[in-house]
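Trainee: Could we go through a few sites in this model together, one residue at a time?
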Amino acid sequence: MSDEINVDKVMDLKGMPCPMPIVKVSKGIKDVEVGQVIQAISTDPGSLTDFPAWARTSGNEILKTEQTEEEFVFYIKRTA
Amino acid sequence: MEEKLREELIKLFESKLSKPMQMYLETCSRCGICTPACHAYASMPQAKYTPAYRAEVVRRIFKKYFKLQGKIAPALGAAKVLDENTLDELYEAAYSCTGCRRCMVYCPFGIDTQQIMSIAKLLLIGANAEPELLTMLADVSVSKGEGIEDMKESFMQGLKRLEDQVLEKWKMEAGEMEAGETPIPIDVEGADLLYVALAGAHSIIPAAAVFNAAGEKWTLSFFEAVNFGAFVGDPTKTKLILDRIVNEANRLKVKEVCICECGTAFRVMKQMSGSQPFEVSSITDVHAKYIREGKIKLDKSKLNLPVTYHDPCQIARNGGVIDAPRYVLQQLGADYRELSADPKYNWCCGGGGGLVAMGDETHDFRMKSAKVKADQVQQTEAKILATACENCHAQLSDISKHYNMDVEVKYLSSMVADALIQ
Ligand code: SF4
Ligand code: SF4
């Protein structure tokens, strides 16, 4: 996991088929302030394209993406 | 509502006034035959859930702005001014209709309430009053298509992770594949079949296993099948999402475009892609063909529980795929039970038209309006409820929980993949 990014909210989206992870994150991001960071953990490989596209259209920023054997971890900063 | 916005909305309304649409708006005789045909009304008998009532909300605006009587003496023709209240009524009408078209089969004039609701949806978009979530999903989908060159690498990386699971279902060791063969081929010019999946792994793995087992010359699309533009009723986004698949199919010179288990994707591709050099098929059709031609073999001993099949409205009633799923289930050795005597009249699951994608927001309505569906499934005493649409699968799973049904909801294509034998 990341040492340098301060996470304000963790969203466990494991097991959800796409596009549910971005549906959940688009709601969840409203619970944090602008400038705060969500750590979203998903398992569906479709997330690799869904999250960047969602960030682009919603105006939020993906600070970092990590991949493990089973999971994809996105650090998303609320900027919009 | 500001006059300028009203004028814009009237123009949007006008853009939908094709000949058939005018007929739908001018013909209703209020006979009420369609009333019990709608699952929402049958489950919750309230006037606002009848097809004719929904349509009337749109019809009154039509009378006000496009018919002489409505323009000069609105009270006589029950014409309605387009204002904030009317927008609320349009929202309720459009987003309590799943676009299943069951009412249309009953209507003596063939009035298409789903089409009338497409006007309501367009006006809501024009007024920025449509469900935010559906627009978000449509925008993400459009954006993925526009940025496809930048995303190809991530997409391929994602696919690589699925290869082992494809091999496992295909009953194949990586070393046994022929030279140049790959579990999930992509971007193959000259392939026979382009498979358009959903973004999720569940839509790719079983399908890939079956294509490979059948020896199909196939290639996976870079794009996802689902058309969120169609759910939200945005004609521009619907076309953008559709056209990029059509362009890909033509670039790769495939003979067939096979749509995954997604009702809306299938209907849009089949009915809106125009005349193309390729055929459009559903994955269920393709599986039935493989079995008929002996290209795949299935273990018939696996299904030892009674099975029923929910016909997704957009694939069966509106897409004509009715015999194929029944043939596949028979070939899987199922103790099969029909939900309705004529599949054309099957009840909608209650999740179409974008309602499932709207999630929790629509959950209460979806569950209540699906009472007739739940009863229908329970009467069969089936323990497995198969279907061939992601949207229906999600809704049926919710219904099964809500009504404590003793039934497992399954994708038909996964049942085929799980029964593959060499
Ligand atoms: S299309 Fe389906 S949901 Fe809509 S009014 Fe007709 S029967 Fe009801
Ligand atoms: S069946 Fe057709 S004509 Fe009769 S009320 Fe319904 S929409 Fe109108």
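Mentor: We can begin with B:S301, which is exposed (over 50% relative accessible area, 1.4 Å probe, protein chains only), its own value being 56%. This is a predicted model, in which local features need pLDDT of at least 70, side-chain atom pairs count only at pLDDT 80 or more, and totals for chains, interfaces and linings use all residues. Residues are numbered from 1 along each chain as its sequence is written, chains are lettered from A and ligands numbered from 1 in the order in which they are written, and side-chain values use heavy atoms, with hydrogens and water left out.

Trainee: With which side chain does the side chain of B:S301 make a polar contact?
Mentor: B:S301 sits in the loop between strand 5 (297-298) and strand 6 (307-310) of chain B, strands being DSSP runs of E with at least two residues, and helices runs of H or I with at least four, numbered from the N terminus. A polar contact is a pair of N or O atoms within 3.5 Å, where within protein one must be able to donate a hydrogen and the other to accept it, and residues adjacent in sequence count only if both atoms are side-chain atoms. At 2.7 Å, the partner is the side chain of B:D299.

Trainee: Is B:D234 buried or exposed?
Mentor: B:D234 lies in the loop between helix 13 (228-232) and helix 14 (235-252) of chain B, and its side chain reaches the backbone nitrogen of B:T236 at 3.0 Å. Because its relative accessible area is 11%, and the cut-off is under 20%, B:D234 is buried.
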